[in-house]
Amino acid sequence: MTLDQRRRIGQTELEVPVLGLGTAPLGGIYAKIDEAEARATFQAAWDGGVRFFDTAPWYGLGQAEHRTGRALFDRPRDSYVLTTKVGRLLHRPRDRAAFAPPAWEAPLQFEVEHVFTYDAIMRSYEDSLQRLGINKVDMLYIHDLDRGYFPDEAALTAKFRELDSSGYRALEELRAAGEVAAIGAGINERGMMTRFLEAAQLDVFFVASRFTLLEQAIYFEEILPAAKTGASVVVGGAFSSGILATGEAEGGKYEYGTAPQEIVDKVARLNAITRDHGVDLPAAALQFPLMAPEVSSVVFGAVTPEEVRANIAHAAAPIPDGLWSDFVSAGLIAEGVPVGPPGAA
């Protein structure tokens, strides 16, 4: 893979680089990231040829959008692709003294409202542009509408009703007006792509951690059916929250927590095969999703310039075809999942 390669998003005119930088870690998902380190990380990505950046209001409660914007605002706007997300509004805390930010390390001090109505999506879009300091984004994703955030089925259904009644209309208007080139949804769990496609014509799905060397069922169940409607996939979480980058060493992260033993054992099997072929496991993990023609890009996270440079090198590392066939023979990649040169059917 080379960083200047691009693939089309769905049936739109938008083409995106095959490798992108995701900014959730730069919002402080695991640890506080200081401003100088964040800026250096963006600079390393730019210097390394990365021209695709994904962010969201949720990441650091606005922090990641601010940092992304500061890194890009003086770059020629037609030289990169920028995506963000809708579904959360940020508000000043009702009680500033008692406010405790959720989920992030050293985020900005804002409360979050998870809402998918027409007015909320339009406000979210405009708010994101102002936090970025950039007056155009290329794609918008519906963010985190799933059972992880709405475990109660009635609450989940109510949020989908917000989309059905007016939220989709907002996204479709933005696309029709040329404000954005593509609209889609972020996916954290299997079963949700189908639910979205029952109600709307989306161009792209951001599939996080569900299509990796550790998990491929979504390819048959949802990615292939979505592709038949004309939708593309951008893959995030190719390292499954970290363990496919760090290997099976103690303390590896999986699904944002400590990896269970069965996952550690599977990673050890993957790592043994990659070592036999003289390949680094992170290189195989990063390149694997792009062998599927339905996948337009892989987005990786990083919090240091060194991590960025390592991932750029992994993306370009040569991988022998025998590695993939050995994964299949060992039952680590499911039969029928595309393997071979990236983009091969």
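## Exercises: a cavity and a helix pair

The lining of the largest cavity splits into 5 nonpolar, 1 polar and 2 charged residues. Keep in mind that this is a predicted model.

**Exercise 1.** Work out which residues line the largest cavity and which helix gives the most to that lining.

*Solution.*
1. Start with the count: there is 1 cavity of 30 Å³ or more, and the largest has a volume of about 40 Å³.
2. Now list its lining: Arg39, Phe42, Gln43, Trp46, Phe53, Ala71, Leu72 and Arg75.
3. Next, look for the helices. Helix 1 (35-47) and helix 2 (63-72) each bring at least two lining residues.
4. Helix 1 comes out on top, with 4 residues.

**Exercise 2.** Describe how helix 3 and helix 4 pack, using angle and axis distance, and then say which residues meet.

*Solution.*
1. Two packed helices are described by the angle between their axes and how far apart the axes are.
2. For helix 3 (residues 118-132) and helix 4 (residues 153-176), that's an angle of about 35° and axes 7 Å apart.
3. From helix 3, Tyr118, Ile121, Met122 and Tyr125 make the contact; on the helix 4 side they meet Leu163, Ser166, Gly167, Arg169, Ala170, Leu171, Glu173 and Leu174.
4. Sort the residues of this contact by class and you get 8 nonpolar, 2 polar and 2 charged.

**Exercise 3.** Follow helix 3 along its length and find what covers its buried residues.

*Solution.*
1. Helix 3 has 15 residues and spans 21 Å from first C-alpha to last, close to the expected 21 Å.
2. Its buried residues include Ile121, Met122 and Tyr125.
3. Among the elements covering the buried residues are helix 2, strand 5 (81-86), strand 8 (139-142) and helix 4.
4. Just past the helix, Gly133 has a positive phi of about 70°.

Methods: Residues numbered from 1 in each chain as written. Predicted model: local features only at pLDDT ≥ 70, side-chain atom pairs only at ≥ 80, totals over all residues. Heavy atoms only, no water. 1 Å grid on protein atoms, 1.4 Å probe; cavity = no way out; pocket = protein on both sides within 12 Å on 5 of 7 lines; lining within 4 Å. Points joined across faces, edges and corners; volume = space filled by probe spheres on them. Nonpolar A, V, L, I, M, F, W, Y, C, P; charged D, E, K, R; others polar. Axes fitted to C-alpha atoms, helices over the stretch in contact; angles between N-to-C directions. Contact = heavy atoms within 4.5 Å. Expected span 1.5 Å × (residues − 1). Buried < 20%, exposed > 50% of the residue type's maximum accessible area, 1.4 Å probe, protein only.
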